[in-house]
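Me: I'd like to go through this one label by label and check what each rests on. Here's what I'm looking at.

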Amino acid sequence: MFTWRPEMSVGHPDIDRDHRHLVELLNAFEGAAGREPSQAVLHDTLLKLQDYAIDHFGREEAIQREAGYPFLVEHKHEHDALVERLTDFAKTYFISRRRPVDRAVLTEFAAFLREWFVVHTMGADLRMKGWVGVKPAERVSPSPPAAPAARRGGR
Ligand SMILES: [Fe+2]
């Protein structure tokens with residue numbers, strides 16, 4: 001279980017509100033992963049998280065687009081990669097049931113999600129602080145995002 005912290009604030013009330021709710025849904029999934037309720041309950045908890053993440057990412061990207069945020073493309077890549085992970089996980093363990101779902105798989109995925117959220121919120125999301133929700137004349141240019149590991153070193 002973890003909590004939203006003020007240092008995660010990007011300074012935009014809609015985004016901060018969404019992030020707080022995402023933390024609740026992440027905690028709900030992590031809690032369910034530890035309790036191992038029925039497959040249906042687990043899948044439902046995961047779907048709620050997935051649906052909300054997709055809605056939230058869309059809202060956040062719209063805010064960035066509207067503000068002419070310079071790193072929207074890179075930011076959207078991070079969002080899309082997470083949605084893909086969530087979708088793959090749901091497909092593998094709850095839809096095709098190609099692999100059996102057990103506590104180890106669930107707690108590992110819950111830990112991955114939490115880590116992703118903290119790294120993304122404290123990294124990519126905080127980079128838009130000073131740009132979104134700020135009058136154009138008062139904007140502070142964000143630092144560029146780090147290149148993804150795969151692209152580092154060229155070729
Ligand atoms: Fe984001």
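Me: What makes α3 and α4 roughly antiparallel to each other?

Reply: This is a predicted model, and in it the axes of α3 and helix α4 (residues 103-127) cross at roughly 170 degrees, coming within 12 Å. Angles over 145 degrees count as roughly antiparallel, so α3 and α4 get that label.

Me: Which residues meet there, in α3 and in α4?

Reply: From α3 you have H75, E78, L82, F89 and Y93, and they meet V105, F109, W116, H120 and A124 in α4. By class, that contact has seven nonpolar, two polar and one charged residues.

Me: And why are α2 and α3 called roughly antiparallel?

Reply: Helix α2 (residues 39-66) and helix α3 (residues 72-95) have axes that come within 10 Å and cross at roughly 165 degrees. The cut-off is over 145 degrees, so α2 and α3 are roughly antiparallel to each other. The crossing of α2 and α3 is left-handed. On the α2 side the contact includes Q39, H43, L46, Q50 and F57, and on the α3 side L72, H75, K76, H79 and L82 are among the residues. The contact of α2 with α3 divides into 10 nonpolar, six polar and three charged residues.

Me: How do you know that the chain's pattern is α-α-α-α?

Reply: The secondary structure comes to four helices and zero strands, so with DSSP runs numbered from the N terminus, reading along the sequence gives α-α-α-α. The C-alpha atoms of the chain fill a box of roughly 55 × 40 × 20 Å along the principal axes.

Me: Why does D125 count as buried?

Reply: D125 has 22 C-beta neighbours inside 10 Å. The label needs 20 or more, so D125 counts as buried. D125 is found in helix α4, and buried residues make up 18% of the 155 residues in the chain.

Me: What does D125 touch, leaving out residues up to four places away in sequence?

Reply: V10 and H120. There's also S9, 116 residues from D125 along the chain, with the two C-alpha atoms separated by 8.8 Å. Across the chain, among contacts between residues at least 6 apart in sequence, 65% join residues at least 24 apart.

Me: What is the chain's average pLDDT, and where does pLDDT stay under 50?

Reply: The chain averages a pLDDT of 92, and 94% of the residues score at least 70. Over residues 151-155 pLDDT stays under 50, and for that stretch the model has one contact beyond four places in sequence.

Methods:
Residues are numbered from 1 along each chain as its sequence is written. This is a predicted model: local features need pLDDT of at least 70, side-chain atom pairs count only at pLDDT 80 or more; totals for chains, interfaces and linings use all residues. Axes are lines fitted to C-alpha atoms, for helices over the stretch in contact, and angles run from 0 to 180 degrees between N-to-C directions. Helices (H or I, at least four residues) and strands (E, at least two) are DSSP runs, numbered from the N terminus. Angles under 35 degrees count as roughly parallel, over 145 as roughly antiparallel, 65 to 115 as roughly perpendicular and the rest as oblique. A crossing is left-handed if the near helix is turned anticlockwise from the far one by less than a right angle, and right-handed if clockwise. Two residues are in contact if their C-beta atoms, placed from the backbone, lie within 7 Å. Ala, Val, Leu, Ile, Met, Phe, Trp, Tyr, Cys and Pro count as nonpolar, Asp, Glu, Lys and Arg as charged, and the others, Gly among them, as polar. pLDDT is the predictor's confidence in each residue, from 0 to 100. A residue is buried if 20 or more other C-beta atoms lie within 10 Å of its own, exposed if 12 or fewer, and partly exposed in between; C-beta atoms are placed from the backbone.
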